[in-house]
Amino acid sequence: LPSDATHVVFVVDTSGSMRNQFTQQIHGAVIQQLSSILDSLPSVQRIQFIDTSGQYILSNSVWMPDTPSVRRTALQRLRNYSILSVSDPEPGLQAVFRGLAKSVKNSEHMSVYVVGDDFRGNTQGLLHRLDRMNPRDPKTGERAASINAIGFPTIQGPFLIGGLQGNNRFANIMREIAEAHQGVLILRPGI
């Protein structure tokens with residue numbers, strides 16, 4: 001995982017397939033994975049959580065200080081988050097790059113983590129728009145933010161790179177995005 005991030009934002013799919021069917025809470029495996037990622041990032045100063053529809057899960061549309069109490073509050077709010085978002089990360093990514101990214105200084109680094117199981121949007125359109133939202137520096141070739149993804153196979157079993165539906169579309173588009181935006185793709189074996 002990119003470990004130089006000072007600012008971390010999670011764009012989380014909160015649609016029905018990402019929830020426990022009995023409690024309607026976000027699956028415990030999702031919360032556990034996000035907690036593990038936060039624990040593995042030593043230099044984080046600010047965090048935020050947004051659903052894939054672009055709504056802030058924490059009440060503020062600004063960066064929150066990365067403290068143990070903010071982490072606990074964020075993960076608890078996410079677990080009990082009642083809004084069903086779309087299975088397309090683009091609105092959430094737009095919220096990140098049109099809002100939060102503007103306040104990250106050149107000396108700081110932002111990592112975005114897209115968390116989901118399905119992709120229903122336009123793949124080529126999303127790739128082109130992300131290139132405009134998170135362009136390469138003409139001198140260094142680096143991007144202002146890394147974009148990472150964590151996939152949970154909740155629709156139809158394991159991921160198949162090259163597949164055309166649901167989980168497979170998510171895995172394929174997120175692989176391309178992570179590769180182009182200096183990120184990593186984590187595909188969970190189950191939820």
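Is Pro89 buried or exposed? Here are some notes on that and a few other spots.

1. Pro89 is buried, with a relative accessible area of 2%; buried here means under 20% relative accessible area, exposed over 50%, and partly exposed in between, using a 1.4 Å probe and protein chains only. Pro89 sits in the loop between α2 and α3. Helices (H or I, at least four residues) and strands (E, at least two) are DSSP runs, numbered from the N terminus.

2. Before going further: this is a predicted model, where local features need pLDDT of at least 70, side-chain atom pairs count only at pLDDT 80 or more, and totals for chains, interfaces and linings use all residues. Residues are numbered from 1 along each chain as its sequence is written, and side-chain values use heavy atoms, with hydrogens and water left out.

3. Leaving aside neighbours within four places in sequence, Pro89 is in contact with Val11, Thr52, Val114, Phe119, Leu126 and Met174, where contact means heavy atoms within 4.5 Å. Pro89 and Val12 are 77 residues apart in sequence, yet their C-alpha atoms are 7.8 Å apart in space.

4. Next, have a look at α3 (residues 90-98) and α4 (residues 123-133). These two helices pack at an angle of about 10°, with their axes 11 Å apart. The axes are lines fitted to C-alpha atoms, for helices over the stretch in contact, and angles run from 0 to 180 degrees between N-to-C directions. So α3 and α4 are roughly parallel to each other; that label covers angles under 35 degrees, while over 145 is roughly antiparallel, 65 to 115 roughly perpendicular and the rest oblique.

5. Who makes that contact? On the α3 side you'll find Glu90, Leu93, Gln94 and Phe97, and on the α4 side Leu126, Arg129, Leu130 and Met133. The residues of this contact split into five nonpolar, one polar and two charged.

6. The buried residues of α2 are Val70, Arg71, Ala74, Leu75 and Leu78. Seen down the axis of α2, they fall within an arc of 125°, so they line one face of the helix; the arc is that of the directions from the helix axis to the C-beta atoms. The face turned away from the buried side of α2 carries the exposed residues Pro68 and Arg72.

7. What do the buried residues of α2 pack against? The partners are β1 (7-12), α1 (28-40), β2 (46-51) and β3 (64-65). As for α1, its buried residues are Ala29, Val30, Ile31, Gln33, Leu34, Ile37 and Leu38, and they pack against β1, β2, α2, β4 (110-116) and β5 (145-151).

8. Ile50 belongs to strand β2 and is buried, at 0% relative accessibility. Not counting residues up to four places away in sequence, Ile50 touches several others, including Val9, Phe10, Tyr56, Ile57, Ala95 and Leu100. From Ile50 to Ser61, 11 residues apart in sequence, the C-alpha to C-alpha distance is 9.0 Å.

9. Two backbone angles to check. Most residues other than glycine have a negative phi. Gln24, however, has a phi near 65°, a positive value. Gln182 also has a positive phi, of about 55°, although it is not a glycine. Gln182 is in the loop between α5 and β6 (185-187) and is partly exposed, with a relative accessible area of 27%.

Definitions and conventions:
Ala, Val, Leu, Ile, Met, Phe, Trp, Tyr, Cys and Pro count as nonpolar, Asp, Glu, Lys and Arg as charged, and the others, Gly among them, as polar.
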